[in-house]
Amino acid sequence: MSTNVVSATSAGPLAAAPHSPLRASAVRTLATARRVLTQLRHDPRTIALLLVVPCVLLVLLKYVFDGAPQVFDRTGAPLLGIFPLIVMFLVTSVATLRERSSGTLERLLTMPLAKLDLVLGYALAFGLLALLQAAIAFGLTLGPLGLHVSGPTWLLFVVAVGDGLLGTAMGLFVSAFAATEFQAVQFLPAFILPQFLLCGLFTPRESMATVLRWISDVMPLSYAVDAMTRLTREQGVSGLVGRDLAVVGGSAALALALGAVTLRRRTA
Amino acid sequence: MINYSAGPPTAPGSAAAPALEVRDLRVVRGGRTVLDDLHVDIAPGTVTGLLGPSGCGKTTLMRSIVGVQKTDGGEVRVLGRPAGHPSLRHRVGYVTQAPSVYADLSVAENLQYFAAVLGAPRSAIARVVGQVGLEGRERDLVARLSGGQRARVSLAAALLGAPDLLVLDEPTVGLDPVLRHELWELFHSLADAGATLLISSHVMDEASRCQHLLLMREGRIIADDTPAALLARTGAREIEEAFLALVAGADQTAKTAAAEPVKGNR
C-alpha cells in the first residue's frame, strides 16, 4: 500500500480545471456512454436478447399471417419500429433504476457531472444499440421476410432507429418516477401499451372516437406508426413523413430534457 | 451540549478558517427530526471521527455536507462555500456506507469512468489502486470481489480527484485489522498533505485514531473534542466508556430540561 499523497494533492487542482466547459461536458458524456456499453459488454446475454427478440417477433408476425400476406405488408413496417421501441424502453428504464439503487447515481451527483451529461451518455449508448438492433431487424424484414414498401427503404431505416431512440428517451424519463424494479416494469404496460392501442395499428386513427383521437394525437408512438405506414403505402417522400419524424425526434429530445430536469441532486 | 462546548469549538493550534462549518442544521425525514440544531466546525488538515450508534444521524449529516440531502434549516459551508456548490464537486470526495461502484464492471473500468468524470489524469488510477491495496485486482469484476474489497474500490474512486475534503461513511467496516491499520495510516497521510477528513464509525476503538471526535446521539452532537480531552473530562479509560458517561449525562440534562417549564419554543 503506497501513500503517495504529495502527487495526490498536486494533481487535483490541475486536473480539475478543464479548458472548455463544453469540451469537458462532451468528455463526460462520452465516458458515460462508454461505461454503459462496457457494462453491457460484460452481459452478452442481454445484448443477444436485445438484438434477437425483435427479429423473432417479426418472424412470428410473418408466419402468423401466412394466409393473409397483406396483413404483414400493412403491419410489418410499423412493428419494425414498435418492437425495438418497447425493448429499448424496458432496458433503459431498468438500467437507470439500477444506477439509482446501487448508490452510483448519488455518487455521480456529488461529482462534476451535469445531469444532462448523464442522460445524454445513456441515450448515446442505448442509441447505438438501437441502431444496431434496427439494422438487423431491417435487414431481416426487407430481405428474407420480403416486406414490400413503396417509399425509400433508407427512410424506413431512419424511422426505425428514431423509434428505438424514442423508446430509450422515454425509458430514461419514466425511470425517474420508479422507486423499485416492480414499478419500473409496470411502466411498460402503463406507459407504452396505451400508446400501442391508440397508435393506429389496430384501428385507423381517423375512425377512432373523438376523445381517443385527441389522445392518440398527443402520443409520440402514433407519429412513429404514421411515418412507417406512409412509407409502406406512398412512393417518394411526402412532407408528412418529415413531420412525423420531427415529432418522434422532438419527443425523444423532450423526454431526455425532462429526464435531466427530474433528476434531483438533493433528496429527502 | 452546553456543558461540553462553550462557544464555537476551534481545533487547537489552527488559526485557519474551518474546512467545514455547520450552523443550526435541521433535517426532518418522514416527519421525524433526524438532525436538530446541529453545530459543527472542522479544522482543515485534520482527521475527525464521527461516532455514534447506528441511526443517530451520522449518514444524514454526511449527506448534508456533500450536498445531496434536503435540509430544513440552518447552513452548511464547505471550504468556504455553501454545501453542494458546483465548484465543490471537484473538491469533495464522498464514500457511502454501501459501496457505490458498478458491480458489473472491473476495478479498472470503474476507476477509469470516475476518473473521466472527475477530470483526473489516468496516472491517478494506479495511485489510488496502490493507496487502497488492490494491486493485481484491477481486471477483476467488482461483483466477484469480497465485501471489504468492494468497499476499497469505492474508497479508491473517491481518492481519484485528490479531494480537499473527504467524507467517509464507515470506510473500515468488514476489514481485517491489518487492512484497517493501513487505511488509517493512509487517512493520516492524506491529512498531513492538507486534506480534511470526516470519518464515521460506530466502532469506538477507531476513535483513538482521530485527532478530533464528534460524538453523536439522536440527531445531536453530545461531545466535540479531542480524544484525550474527552477521556480527561469523563475520567474514562476508553472512548466507549467516555461515550456511555456522556450519554448518561445528556439524558440527565434532557430530563432536567423537560421538567422545567417550556420557554421560547420556536
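Start with chain A, whose secondary structure comes to 11 helices and 0 strands. This is a predicted model.

**Stop 1: chain A as a whole**

Color chain A by secondary structure. Along the sequence you will read α-α-α-α-α-α-α-α-α-α-α. Of the 268 residues of chain A, 42% count as buried.

**Stop 2: chain B as a whole**

Switch to chain B. Here you will find 7 helices and 10 strands. Chain B has 266 residues, and buried residues make up 48% of them. Take its contacts between residues at least 6 apart in sequence: 69% join residues at least 24 apart.

**Stop 3: where the chains meet**

Show both chains. Select the residues in contact across the boundary: 38 from chain A and 42 from chain B. On the chain A side, helix 1 (5-15), helix 2 (21-41) and helix 5 (104-109) each supply at least two residues. Which helix of chain A gives the most to this side? Helix 1 does, with 8 residues. Color the chain A side by residue type.

**Stop 4: helix 2 of chain B**

Select residues 107-118 of chain B. This is helix 2, with 12 residues. From its first C-alpha to its last it reaches 17 Å, close to the 16 Å expected at 1.5 Å a residue. Is this helix mostly covered or mostly open? It is mostly covered, with 11 of its 12 residues buried. Among the buried ones are Glu109(B), Asn110(B) and Gln112(B), along with Tyr113(B) and Phe114(B).

Now show what surrounds them. The buried residues of helix 2 of chain B pack against helix 2 and helix 5 of chain A. They also pack against helix 3 (123-131) and helix 4 of chain B. Step past the end of the helix to Gly119(B). Its phi is positive, near 70 degrees.

**Stop 5: the four-stranded sheet**

Stay in chain B and find the open sheet of 4 strands. Its order is 2-1-4-5, with antiparallel pairing. Strand 2 (32-42) and strand 5 (81-82) of chain B stand at the edges, each with a single partner strand, so one side of each has no neighbour in the sheet. Select strand 1 (residues 20-29) of chain B next. It runs antiparallel to strand 2 of chain B, and 7 bridges join the two. For one such pair, click Leu25(B): its bridge partner in strand 2 is Leu38(B).

**Stop 6: the six-stranded sheet**

Move to the other open sheet listed for this tour. It has 6 strands of chain B in the order 6-7-8-3-9-10, and the pairing is mixed. Strand 6 (92-95) and strand 10 (220-225) of chain B are the edge strands, pairing on one side only. Neighbouring strands here are turned by 15 degrees against each other on average, direction ignored.

Select strand 3 (residues 47-51) and strand 8 (residues 196-201) of chain B. They pair in the parallel sense over 5 bridges. Gly49(B) stands opposite Ile199(B) in strand 8.

Helix 4 (residues 147-159) of chain B touches strand 6 and strand 7 (165-169), and its direction makes about 170 degrees with that of strand 6. Helix 5 (residues 177-192) of chain B touches strand 3, strand 7 and strand 8, and its direction makes about 155 degrees with that of strand 8.

**Stop 7: a loop residue**

Follow chain B from strand 3 toward helix 1 (58-66). Ser54(B) lies in the loop between them. Is Ser54(B) buried or exposed? It is exposed, with 9 other C-beta atoms within 10 Å.

**Stop 8: the nonpolar core**

Finish with the largest nonpolar core, which has 148 residues. Those touching the most other members include Ala169(A), Ala224(A), Leu160(B) and Leu215(B). Helix 4 (residues 69-101) of chain A gives the most to this core, with 14 residues. Last, center on Leu215(B). Beyond its neighbours within four places in sequence, its contacts include Leu51(B), Ile222(B), Phe243(B) and Leu246(B).

Technical notes
Residues numbered from 1 in each chain as written. Chains lettered and ligands numbered in written order. Predicted model: local features only at pLDDT ≥ 70, side-chain atom pairs only at ≥ 80, totals over all residues. Core = buried A, V, L, I, M, F, W, Y, C linked by C-beta atoms within 7 Å. Buried ≥ 20, exposed ≤ 12 C-beta atoms within 10 Å, placed from the backbone. Contact = placed C-beta atoms within 7 Å. Pairing = 2+ DSSP bridges. Axes fitted to C-alpha atoms, helices over the stretch in contact; angles between N-to-C directions. Expected span 1.5 Å × (residues − 1).
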